Amino acid sequence: MKQVLDFEKPIVNLKEKITELKNLTEHSDIDLSEEITTLEKRLAVLEDDIYGNLQPWDRVQMARHQQRPTTLEYIEELFTDFIEFHGDRRFGDDAAIVSGVAYYKGRPVTVIGHQRGRNTKENLKRNFGMPHPEGYRKALRHMKQAEKFNRPIICFIDTKGADPGKESEERGQSEAIARNLMDMAGLTVPIICIVIGEGGSGGALALGVGDKIHMLENSTYSVISPEGAAAILWKDSGLARKAAESMQITSYDLKKLGVIDTIIPEPKGGAHRDVKQQAIYIDQVLEQSIDNLVNKDSHTLLENRWNKYKNIGDFGQI
């Protein structure tokens with residue numbers, strides 16, 4: 001069954017009415033084509049109105065949509081000859097992060113991304129897209145390999161956050177995230193990061209230090225979830241909608257703040273409506289980013305990366 005978000009219910013109800021009239025016309029002598037045409041025009045206007053005026057909380061729901069395309073789906077659409085590698089050579093493999101090498105338009109690249117599941121069985125396997133420290137160490141191992149062979153690195157970000165469990169803390173979760181942040185800042189190959197869903201907390205940041213940071217239109221990127229922020233600020237996670245409105249976590253907010261470089265448009269209704277079209281939109285931005293970065297020498301690349309992060313944000317002096 002397709003997940004229907006609350007703000008989409010008027011659209012779904014109208015679509016059901018149109019389908020009902022079409023079935024009635026097809027299986028009876030009653031001609032309702034004029035009424036159907038009128039409703040279809042109303043539907044187009046309604047979709048433009050709803051999807052063209054999404055609020056921050058609506059975008060949070062879109063970013064979490066259970067049918068939203070995952071890293072592996074985009075890899076299948078954008079790359080060829082993908083070979084996935086496993087393990088961090090210390091503890092084990094973490095299915096919440098996929099990592100490997102592939103070709104992008106004939107160019108060898110390293111692709112890394114968070115991976116969540118579609119159903120309960122997959123989510124248990126992928127730990128709901130929340131990586132353990134071995135996942136981040138696996139990612140960093142392959143980033144270092146990319147640097148050795150001079151391959152651009154492409155990161156897909158889609159996680160609620162890093163795994164918060166006791167075992168992850170015992171295996172050095174905070175150190176693994178911090179190590180990724182530090183080492184990614186100094187890698188001498190291009191790094192392109194794309195937020196494709198929910199970019200939450202340090203779990204997202206550990207794959208988010210790049211030369212170019214892009215976001216899908218209905219994705220989010222924040223230091224904490226709206227529910228977590230509401231629980232801390234107002235002692236009530238039920239105020240998540242209010243928190244989302246004040247946290248500035250949407251692609252449009254972050255573009256204004258200079259945190260991201262590009263907002264990648266989505267098909268009307270979200271990326272899950274047309275994965276192939278969404279991949280085309282990503283492809284256009286990805287190709288431009290790679291072309292812009294691959295010919296820069298390592299000194300220029302690192303200098304630009306340093307300046308990029310130094311200039312993020314809007315600061316005032318008191």
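View 1. On a 1 Å grid over the protein atoms alone, a cavity is a set of points where a 1.4 Å probe fits but cannot get out. Grid points are joined across faces, edges and corners, and a volume is the space filled by probe spheres set on the points. By this rule, the predicted model holds one cavity of 30 Å³ or more. The largest cavity has about 50 Å³ of space. Lining residues have an atom within 4 Å of a point. They are Val60, Lys160, Glu198, Gly199, Gly200, Thr220, Ser222, Ile224, Ser225, Pro226 and Ile249. Two elements give two or more residues to this lining: strand 5 (191-200) and strand 7 (220-222). Strand 5 supplies the largest share, three residues. Helices (H or I, at least four residues) and strands (E, at least two) are DSSP runs, numbered from the N terminus.

Residues are numbered from 1 along each chain as its sequence is written, and side-chain values use heavy atoms, with hydrogens and water left out. Local features need pLDDT of at least 70 and side-chain atom pairs count only at pLDDT 80 or more, whereas totals for chains, interfaces and linings use all residues.

**View 2. Glycine 200 in strand 5.** Glycine 200 sits in strand 5. Its relative accessibility is 5%, so glycine 200 counts as buried (under 20% relative accessible area, 1.4 Å probe, protein chains only). Contact means heavy atoms within 4.5 Å. Neighbours within four places in sequence aside, glycine 200 is in contact with Thr159, Lys160, Gly161 and Ser222.

**View 3. Helix 3 and its cover.** Helix 3 (residues 56-63) has seven of its eight residues buried, so it is largely enclosed by the rest of the structure. The buried residues are Pro56, Trp57, Asp58, Arg59, Val60, Met62 and Ala63. Their cover includes strand 5, strand 7, helix 10 (226-234), helix 11 (240-247) and helix 12 (251-257).

**View 4. The largest nonpolar core.** A nonpolar core is a set of buried Ala, Val, Leu, Ile, Met, Phe, Trp, Tyr and Cys residues joined through side-chain atoms within 4.5 Å. The largest has 29 residues; Ile112, Met143, Ile153, Cys155, Leu207 and Tyr221 touch the most other members. Helix 6 (133-148), strand 4 (153-159), helix 8 (173-186), strand 5 and strand 6 (212-216) each give two or more residues. Helix 6 gives the largest share, five residues. Apart from this core lies another, of 24 residues, among them Tyr104, Val111, Leu216 and Ala271.

Methods:
On a 1 Å grid over the protein atoms alone, a cavity is a set of points where a 1.4 Å probe fits but cannot get out, and a pocket is an open set with protein on both sides within 12 Å along at least five of seven lines; lining residues have an atom within 4 Å of a point. Buried means under 20% relative accessible area, exposed over 50%, partly exposed in between (1.4 Å probe, protein chains only).
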